[in-house]
Amino acid sequence: MMKICSDLEDLSQTAAEVFAAEARRAVKTSGRFTVALAGGSTPRRTYEILSHPPYGKMVPWQETHVFWGDERCVSEMDPRNNARMADQALLAHVSLPREQVHPMVCDRSPHEAAEKYEKVLRTTFGEELPRFDLILLGLGENGHTASLFPETPVLKEQLRWVTEVYITEEGLHRLTLTLPVINRARTVLFLVSGAGKAGIIREIHEGSPDPYSIPAALIRPDGRLLWLIDSDAGQLLRKK
Ligand code: 6PG
């Protein structure tokens, strides 16, 4: 399902409402809410909204367990660090037990860091493939999502839950949840804003994308898939 929002503010308000609704539904049915946050710049406003009233009361933070969909292997103080951004915009401001916050930490080789994060997931979810209540995702202009980049071996990964990937253009490693984990989620929520994304949005939704060139097209969860797009990002869509 796709919803076109008027602008980033409208998109962010809608995303916060979806987040709160999913959190309440999950806690009601299973006693906890597991969410994987996205990085990039688009979700920042959503996180800020969630850090303010009424969401302090509307989200059951005490029962919320926070993970990440991906991370760049940079210092935790680096502005490109996804966990740092979410901490500043949201997590530092809500009553969420710190032991329920699970950043992807690159304090060893990227391969070992990925294995370590998979162990963190096993501690929360057990030995079966994790089923997140909600996974937030962004979209790159090249069609990447999380750190599933075009034509990378990660796209074929079937066994590991978390992998490392070297991004040549950035000259750094990233860690990412793999497709089997993302596609098992109860809800996947894409947040896409800005005219720079209009071409790739049209290709994904109205073209016939080669999924290995446009990895976001490989996201087809067992559960619900919701695209929140602002009008700039949706401007090239024929069907609105
Ligand atoms: C990240 C994610 C990536 C991101 C997109 C969109 O950067 O942490 O790997 O999927 O969400 O690149 O980024 P923007 O929101 O900054 O456009």
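Student: Where does E151 lie?

Tutor: E151 lies in the loop between β5 and β6. Helices (H or I, at least four residues) and strands (E, at least two) are DSSP runs, numbered from the N terminus. The model is a predicted one, in which local features need pLDDT of at least 70 and side-chain atom pairs count only at pLDDT 80 or more, while totals for chains, interfaces and linings use all residues. Residues are numbered from 1 along each chain as its sequence is written, and side-chain values use heavy atoms, with hydrogens and water left out.

Student: What about the phi of E151?

Tutor: The phi of E151 is positive, at about 60 degrees, although E151 is not a glycine. Most residues other than glycine have a negative phi.

Student: Is E151 buried or exposed?

Tutor: E151 is exposed, because its relative accessible area is 57%. Buried means under 20% relative accessible area, exposed means over 50%, and partly exposed lies in between (1.4 Å probe, protein chains only).

Student: And A146, where does that one lie?

Tutor: A146 lies in the loop between β5 (134-137) and β6 (162-167). A146 has a positive phi of about 45 degrees and is not a glycine. With a relative accessible area of 9%, A146 is buried.

Student: Which atom of the ligand is 2.7 Å from A146?

Tutor: An oxygen atom of the ligand is 2.7 Å from a polar backbone atom of A146. A polar contact is a pair of N or O atoms within 3.5 Å; within protein, one must be able to donate a hydrogen and the other to accept it, and residues adjacent in sequence count only if both atoms are side-chain atoms. S41 also has a polar backbone atom 2.7 Å from an oxygen atom of the ligand. For G39, a backbone N or O atom lies 3.4 Å from a ligand oxygen. The ligand taken alone exposes 410 Å², of which the protein buries 88%. Accessible areas come from the Shrake-Rupley method with a 1.4 Å probe; for residues, only the protein chains shown count as cover.

Student: How many residues surround the ligand?

Tutor: There are 16 residues around the ligand, and the closest are S41, T42, D70, R72 and K197. A residue counts as near if one of its heavy atoms lies within 4 Å of the molecule.

Student: What is the shell around the ligand like by class?

Tutor: The shell has two nonpolar, 10 polar and four charged residues. Ala, Val, Leu, Ile, Met, Phe, Trp, Tyr, Cys and Pro count as nonpolar, Asp, Glu, Lys and Arg as charged, and the others, Gly among them, as polar.

Student: New topic: which residues does a cis peptide bond join?

Tutor: The cis peptide bond joins P53 and P54, with omega at about 5 degrees. Most peptide bonds are trans. P54 is in the loop between α2 (44-50) and α3 (55-58).

Student: R44 next: where is its place?

Tutor: R44 is in helix α2. Its relative accessible area is 34%, so R44 is partly exposed. R44 and A86 are 42 residues apart in sequence, and their C-alpha atoms are 7.1 Å apart in space.

Student: Which helix holds A20?

Tutor: A20 lies in helix α1 (residues 8-30), and V18 lies in helix α1 too. A20 counts as buried at 1% relative accessibility, and V18 counts as buried at 12%. The C-alpha atoms of A20 and G56 are 36 residues apart along the chain and separated by 9.9 Å. For V18 and L134, 116 residues apart along the chain, the C-alpha separation is 9.5 Å.

Student: What lies 2.7 Å from the side chain of T178?

Tutor: The backbone oxygen of R160 lies 2.7 Å from a polar atom of the T178 side chain. T178 is found in the loop between β7 (172-177) and α6 (179-182), and T178 is buried, with a relative accessible area of 0%.

Student: Finally, which strand holds L191?

Tutor: L191 lies in strand β8 (residues 187-192). L191 counts as buried at 1% relative accessibility. L191 and D210 are 19 residues apart in sequence and 21 Å apart in space, C-alpha to C-alpha.
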